[in-house]
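My entries follow in the order in which I looked things up.

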Amino acid sequence: MAEEEGPPVELRQRKKPKSSEKESAKEERINDIPIPERAPKYVLFQRFAKIFIGCLAAVTSGMMYALYLSAYHERKFWFSNRQELEREITFQGDSAIYYSYYKDMLKAPSFERGVYELTHNNKTVSLKTINAVQQMSLYPELIASVLYQATGSNEIIEPVYFYIGIVFGLQGIYVTALFVTSWLMSGTWLAGMLTVAWFIINRVDTTRIEYSIPLRENWALPYFACQVAALTGYLKSNLNTYGERFCYLLMSASTYTFMMMWEYSHYLLFLQAISLFLLDIFSLKQSDKVYEVYKIYVFSLFLGYLLQFENPALLVSPLLSLVAALMLAKCLQLNVKKGSFVAKIIKMINFYLVCTLTITLNIIMKMFVPHKENGHMLKFLEVKFGLNMTKNFTMNWLLCQESLQAPSQDFFLRLTQSSLLPFYILVLIICLLSMLQVIFRRINGKSLKETVTLEDGRIGERPEIIYHVIHTILLGSLAMVIEGLKYIWIPYVCMLAAFGVCSPELWMTLFKWLRLRTVHPILLFFPRLMTELMELQEFYDPDTVELMTWIKRQAPVAAVFAGSPQLMGAIKLCTGWMVTSLPLYNDDDLLKRNENIYQIYSKRSAEDIYKILTSYKANYLIVEDAICNEVGTMRGCRVKDLLDIANGHMVCEEGDKLTYSKYGRFCHEVKINYSPYVNYFTRVYWNRSYFVYKINTVISFQS
């Protein structure tokens, strides 16, 4: 009985003190009223402060990097203390061509007249009228010239400073976009700071801005970085409607701008489309978003086709074929009930279906659309991967370029010394294993969680992470074959490694595997940049300055010059005189011209060289001592060796037939001034590096 009466007694005792009830009721009312009002404000303020500081850090990083590039460029070339001619010779090779057209636009009486002269240009290459805007993607120069004149900058700043200032500013945007991408992935702006630090430390492998400012990639890649940042935000699962719309608009604008700035942009977007296709296979959530991105590709391609003078390269591009195949494959799955046996079968054969459709559509497009879609590139790839052999000078010359060879040991050593490569490999392995774990869960029929928390340690379920892992693997695979592609790959290596180092979710994934509870990884990294700014450097090339000065003072205005394509680019920029060839490799006719003009360094007769030069209406020939007497570490890659192989004057492989030439090397023989060379060529100028010969119009033979 006592046990039964116990509880009621206890209850009566609790009800007894009325004052305590009132106090507790008061406390409940106090707790109910203030906390719900103050907590959201505090959270909002904290979130706003975090975003504000992060944005400030991102913008500051970009501005500081742009100022750093400007200061470094000034210290390297003493740019402000040089005359205009000395400044211009710092633009070498194809960079000189791009800047020369910017100068032409500023000299034109009107913008319309300037555009017309560029699209019907017959003052650059002899016997050839070219659409320079389409062929060389001169939209950056058109925009820069308009901005220079529209903003009244001609009264404040010199054209060259305005031009390089825009490029340096774009590099600042590039760094800011990488900062934001890493921030979006990791959730902390400290990852962005680390991305910028690694980007600058590995500057030799992340950008070519120091050596070739006007290159198309320096104008285009910042827009691609903005597109990747927008795509990263767009793919996030927890994005609100307004953020999604903003990311979509930014992605659309940057995709189209990127396509207009660089003629090879659609190849890079093709790799991105492959990454999104694989993401669609591995992830169930983002299918609709992925197909919205495909629509952006189609819109950009067709708008680019119309505004790039109906450029057929965009219609026959693999990007358009892939996107069309993906759309068709999507239509085939629309009427199939999800989860059914047929749907699973179609999902299994989807990859094969898309690949087959892509190849088929591309072949059909090339059959019906007249194009010259970089046939030399396909031949180069065949030779590069050992599918074909050639003695062609141009192909072998391209293969010998350092940027088109496989990466050297120094490349990997530099990345390891900066600690970038070890962290990147670690982050990549963790993300890849987590992705595989997710795929096996799906194969076993386990459903994915709607929201992934930090404690789950499942970083491989996040769609933006899957995309970046696939994309960086594709870019890295190509960079392992062609070193020049490292300038596209390494910036994203910096971003992915920094994201992993600063991401609690990634470390939680690893610690869950290792059955550890809490570890706080801290990385402190301080780049030493002031040392470079303190070093005094000087660009000193008096021989080239003397040559350009002589041409401007002594050569007739209608003269046409012949020589190496790299030198011809400098002559076009610094003097404005017409040339026979250009350092451009996207046109078959220009490639053939380059090969023919390079014969001045081969073992050919004076008559043969004379016929080649006069066929291009050349009046002057410039022989460069550096090429004629070239001593390279790779003997088979010297220009004269490649010419001898192409002409059969050197054995390349066992079993080749050797054709002995009865003539000496032209560039040596012409310097001696004896018959028959003096009958065809008269030396009119020389210095330590260059020998200029006038090509005789009337031949007087001497004994």
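Is the crossing of H9 and H12 left-handed or right-handed? I found it left-handed, meaning that the near helix is turned anticlockwise from the far one by less than a right angle, with clockwise being right-handed.

Basis. This is a predicted model, in which local features need pLDDT of at least 70 and side-chain atom pairs count only at pLDDT 80 or more, while totals for chains, interfaces and linings use all residues. Residues are numbered from 1 along each chain as its sequence is written, and side-chain values use heavy atoms, with hydrogens and water left out.

Helix pair. I looked up the axes of H9 (residues 159-186) and H12 (residues 216-235): they come within 8 Å and cross at roughly 25 degrees. H9 is therefore roughly parallel to H12 (angles under 35 degrees count as such). Axes here are lines fitted to C-alpha atoms over the stretch in contact, with angles from 0 to 180 degrees between N-to-C directions. Residues of H9 that meet H12 include Tyr163, Leu170, Tyr174 and Met185; on the H12 side I noted Trp219, Tyr223 and Val228 among them. Contact means heavy atoms within 4.5 Å. By class, the H9 and H12 contact has 17 nonpolar, five polar and one charged residues (nonpolar: Ala, Val, Leu, Ile, Met, Phe, Trp, Tyr, Cys and Pro; charged: Asp, Glu, Lys and Arg; polar: the others, Gly among them).

Whole chain. I list 34 helices and five strands, taken as DSSP runs (H or I, at least four residues; E, at least two) numbered from the N terminus. Of the 703 residues, 50% are buried (under 20% relative accessible area; exposed is over 50%, partly exposed in between, with a 1.4 Å probe and protein chains only). Among contacts between residues at least 6 apart in sequence, 72% join residues at least 24 apart.

Val293. I placed Val293 in helix H15 (residues 287-307). Val293 counts as buried because its relative accessibility is 1%. Leaving aside neighbours within four places in sequence, Val293 is in contact with Leu231, Tyr234, Met251 and Leu276. Val293 and Tyr234 are 59 residues apart in sequence, and their C-alpha atoms are 9.6 Å apart.

Backbone. The peptide bond from Ser675 to Pro676 is cis, with omega near 5 degrees; Pro676 sits in the loop between H33 (666-669) and H34 (677-680). Leu127, in the loop between H6 (111-119) and H7 (132-136), has phi near 60 degrees, a positive value in a residue other than glycine. Leu127 is exposed at 57% relative accessible area.

How values were computed: Parallel < 35°, antiparallel > 145°, perpendicular 65-115°, else oblique.
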